[in-house]
Amino acid sequence: MRHLIDFGDVTREEWDALYAQAQSIMDRPEDYLDACRGKVCASLFYEPSTRTNFSFQTAMLRLGGTVFGFDNPMNSSTAKGENLKDTIKMVSAYADVIVMRTPWEGAAKAASLYAHVPVINAGDGGHMHPTQTMTDLTTMQRLRGGVDGLTIGICGDLKNGRTVHSLIKAMAKFQGVRLYLISPRELALPEYMRAFLRQHRIPHLDVTGLEAVIPQLDVLYMTRIQRERFEDPAAYERCKGIYILTRHKLERAKPELLVMHPLPRVDEIHVDVDDDPRAVYFQQARYGMFARMALLSDLANQPRQETVEPVEIGAGPVCHNPACITQREGYLPPLTKVNGGRLCCAFCDKELS
Ligand code: CP
């Protein structure tokens with residue numbers, strides 16, 4: 001693995017190796033104090049973050065490496081109009097690995113075309129968040145011994161939730177997983193993810209009510225309604241507060257249920273759930289640091305590529321997704337891929353018309 005852009009690109013063998021490394025780091029952190037000694041991580045956060053930014057920074061520091069970067073692009077030459085390609089070419093001249101979060105779908109893939117060092121997608125708009133998926137899988141495997149055979153309810157904003165899309169990509173690597181997709185119709189899973197579910201024959205059921213399915217679940221994965229992704233504020237007002245998990249609602253749940261959440265939460269898990277032993281979301285966030293240590297100990301130590309393949313601008317179908325990085329960075333080549341038999345943009349996965 002050279003870059004981590006989309007969890008769908010990670011093989012089961014690669015994930016098993018990363019998880020084994022994360023377990024080893026959790027169990028014997030003293031063995032990894034120098035795993036990234038002398039290595040430098042660039043941390044480019046074009047969007048707010050608490051967990052992903054700080055867990056990557058602490059992961060690198062705990063491995064003996066160092067970190068530089070920004071959490072506000074207006075403090076970089078982006079504010080003067082520098083494009084992403086030039087920023088990435090510069091940063092990859094200084095760093096051994098790049099961690100980046102942006103509001104633009106496909107931006108990490110775009111960066112990977114120009115970087116001399118590995119690029120890690122720390123969240124690209126409402127598209128993907130593969131290191132959150134590493135966090136989620138680590139939690140399930142550490143606390144339940146595996147993912148195979150689990151019945152998982154994913155609740156909330158399935159349309160805009162990048163953690164949801166990445167988690168579903170991961171489910172194709174396990175056996176016997178069943179999904180309940182719990183959302184209002186307005187926030188249902190997008191078509192490119194539905195095509196993925198069909199292509200990989202992952203059993204799933206769409207439901208709008210949370211309480212009726214709680215007793216079936218081994219994992220309940222709650223998510224926030226993603227206010228920042230709504231074009232229409234009135235639509236957010238209609239959807240906010242639609243699901244609120246309370247201690248009372250958990251009375252009919254299995255005793256071994258895992259209540260997970262990528263965080264931050266707004267109101268979708270009442271604070272009275274926090275002390276329930278089934279609530280593991282804060283533990284989950286800590287596992288994320290160890291999972292990211294495993295990833296950095298691999299990618300930050302990869303050899304630098306002094307030359308990268310030239311990227312032809314070329315001509316081809318134009319992506320019309322307004323959130324796609326190709327809308328912002330006009331020099332990007334019109335790369336395509338096939339998802340579920342449909343021709344899609346290779347940056348944001350949306351179908352090309
Ligand atoms: N889970 C997650 O991505 O949290 P942050 O936005 O705080 O990084």
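1. Basis. This is a predicted model in which local features need pLDDT of at least 70 and side-chain atom pairs count only at pLDDT 80 or more, while totals for chains, interfaces and linings use all residues. Residues are numbered from 1 along each chain as its sequence is written, and side-chain values use heavy atoms, with hydrogens and water left out.

2. Four-stranded sheet. An open sheet is formed by 4 strands in the order β2-β1-β3-β4, with parallel pairing. Neighbouring strands are turned by 15 degrees against each other on average, direction ignored. Strands here are DSSP runs of E with at least two residues, and helices are runs of H or I with at least four residues, numbered from the N terminus; two strands pair if DSSP finds at least two bridges between them. The angles are taken between lines fitted to C-alpha atoms, for helices over the stretch in contact, and run from 0 to 180 degrees between N-to-C directions.

3. Strand β1. Residues 40–45 make up β1, which pairs with β2 in the parallel sense over 5 bridges. V40 stands opposite T66 in β2, and C41 stands opposite V67 in β2. Because 5 of the 6 residues of β1 are buried, the strand is largely enclosed by the rest of the structure. Buried means under 20% relative accessible area, exposed over 50%, and partly exposed in between (1.4 Å probe, protein chains only).

4. Five-stranded sheet. A further open sheet has 5 strands in the order β7-β6-β5-β8-β9, and the pairing is parallel. The edge strands, β7 (204–207) and β9 (258–260), each pair on one side only. The twist from one strand to the next averages 15 degrees. Strands β5 (residues 151–155) and β8 (residues 219–222) run parallel and are joined by 4 bridges; M222 in β8 is the bridge partner of C155.

5. Helix α9. This helix (residues 281–299) has 19 residues and reaches 27 Å from its first C-alpha to its last, close to the 27 Å expected at 1.5 Å a residue. The expected span is 1.5 Å times one less than the number of residues. Of the 19 residues of α9, 14 are buried, and the helix is mostly covered. S297 is found in α9 and counts as buried because its relative accessibility is 11%. The C-alpha atoms of S297 and M60 are separated by 8.4 Å, although the two residues are 237 residues apart along the chain.

6. Largest pocket. The volume is about 590 Å³. The lining has 28 residues, of which E105, K159, N160, N321 and K350 lie nearest the centre. The elements giving two or more residues to this lining are α7 (191–199) and β11 (342–345); α7 gives the most, with 3 residues. By class, the lining divides into 10 nonpolar, 6 polar and 12 charged residues. Nonpolar covers Ala, Val, Leu, Ile, Met, Phe, Trp, Tyr, Cys and Pro, charged covers Asp, Glu, Lys and Arg, and the others, Gly among them, are polar.

7. Cavity. The structure holds 1 cavity of 30 Å³ or more. About 40 Å³ of space lies in the largest cavity, and its lining consists of Y46, T78, E82, N83, L84, T87, W104, R328 and E329. That lining has 3 nonpolar, 3 polar and 3 charged residues.

8. On a 1 Å grid over the protein atoms alone, a cavity is a set of points where a 1.4 Å probe fits but cannot get out; a pocket is an open set with protein on both sides within 12 Å along at least five of seven lines; lining residues have an atom within 4 Å of a point. Grid points are joined across faces, edges and corners, and a volume is the space filled by probe spheres set on the points.
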